[in-house]
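This report covers the overall fold, the domain arrangement and the ligand shell of one protein model. The sequence and structure come next.

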Amino acid sequence: MPTDFRHLSEQLPDWVQACRAYAADGRVATYIPELAHAPQQALGIALHHKSGLTASAGDCGMPFTLQSISKVFTLLLALIDRGEQAVFEKVGMEPTGDVFNSMLKLELVQPGKPFNPLINAGAIVISSLIRGDTPEQKSGRILSFIRELAGDDRPSFNESVYRSEAATANRNRSLAYFLKDNKVLDEDVEPTLDVYFKQCAIEVTCAHIARMGLVLANDGVDPSTGRELLPKRYVRIAKSFMVTCGMYNASGEFAIQVGIPAKSGVAGGILAVVPGELGIGIIGPALNDKGNSTAGVHLLKRLSEQYDWSMF
Ligand code: DON
């Protein structure tokens, strides 16, 4: 049954208010110092439907950085730039069951190829595959790509978050040097990390994420113009990774409880997609122990139960 969008718009403020309570169970990320300033209790959501209808509630106007949500879009851009074969020579297609910045399987499973493009190691390799002669050109292309999918020129780099991560990223640096040593990363470490930190620091609102999600829900086609923005095959790949790896080592539980493709970021954002119907953007900076927005996941669970969104 298609989602009753009018009912959803009416109920949304109450559901956001009810789910906000779960933020008290989580913690705002502090390992990137600049993210620690985010308000613990915030919760906002925007939904964009294929019909053109939109709904939003709570702190939906609050800007936040994409962080790991960017990995879905750099994967898509790398697929467009290099093709499927070149991308999957460098990264695998399997979930890890480990935390997002784990080193464990890189050394355990030879030849040190990251398991998938949504863990940090995989995403760093993907950033190196984006076309461009300089890190600035690559970052510029990523930002233009995000702006096109968001349907708005406002998404921009948050310089303080970028600098804060670049100054403290010992774990990502060690992952990148390990990848370089194993010849999985061909480019130099620092310029590649610069591209990766910048993509993570792109600042958006829930409405941008909802619109980007809608393009994925609509198999790469902009529903308002009918124009193909992304090849359907690559959108299918991205959505498959979102189901199997998008919520990291909570992806199995999320598939059972919510059942739709989604991707989280440590700033508290979640991108979610109801295939064929709508895109969803959520912000809730307090994270659970797996690094996913605790109130955001509760809100998605509630919506999915109400409107029978599970794909399974
Ligand atoms: O590389 C990092 O650690 C961050 N820039 C992104 C990690 C992230 O968003 C994980 N998501 N839950």
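What radius of gyration would a compact globule with 312 residues have, and what does the protein chain have? A compact globule with 312 residues would have a radius of gyration near 20 Å, and the 18 Å of the protein chain agrees with that. The radius is taken over C-alpha atoms, and the globule rule is 2.2 Å times the number of residues to the power 0.38.

## Basis of the model

This is a predicted model, in which local features need pLDDT of at least 70, side-chain atom pairs count only at pLDDT 80 or more, and totals for chains, interfaces and linings use all residues. Residues are numbered from 1 along each chain as its sequence is written.

## Overall fold

The C-alpha trace of the protein chain spans about 55 × 40 × 35 Å along its principal axes. The protein chain contains 13 helices and 10 strands, which are DSSP runs numbered from the N terminus (helices: H or I, at least four residues; strands: E, at least two).

Of the 312 residues, 52% are buried. A residue is buried if 20 or more other C-beta atoms, placed from the backbone, lie within 10 Å of its own. Among contacts with a separation of 6 or more, 69% join residues 24 or more positions apart; a contact requires C-beta atoms, placed from the backbone, within 7 Å.

## Domains

The domain assignment gives domain 1 (5–63 + 205–307) and domain 2 (67–202), with bounds from an automatic or database assignment. Their centres, taken over C-alpha atoms, are separated by 21 Å.

Contacts between the domains involve 30 residues of domain 1 and 27 residues of domain 2. On the domain 1 side, helix 11 gives the largest share, seven residues. By class, that side has 18 nonpolar, nine polar and three charged residues. Ala, Val, Leu, Ile, Met, Phe, Trp, Tyr, Cys and Pro count as nonpolar, Asp, Glu, Lys and Arg as charged, and the others, Gly among them, as polar.

## Ligand shell and annotated sites

Residues surrounding the ligand include Gln67, Phe100, Glu165 and Gly291.

Glutamate 165 lies in helix 7 (residues 159–168) and is buried, with 24 other C-beta atoms within 10 Å. Tyrosine 196, in helix 9 (residues 189–200), counts as buried because it has 30 C-beta neighbours inside 10 Å.

Technical notes
A residue is near a molecule or strand if its C-beta atom, placed from the backbone, lies within 6 Å of it. A residue is buried if 20 or more other C-beta atoms lie within 10 Å of its own, exposed if 12 or fewer, and partly exposed in between; C-beta atoms are placed from the backbone. Two residues are in contact if their C-beta atoms, placed from the backbone, lie within 7 Å.
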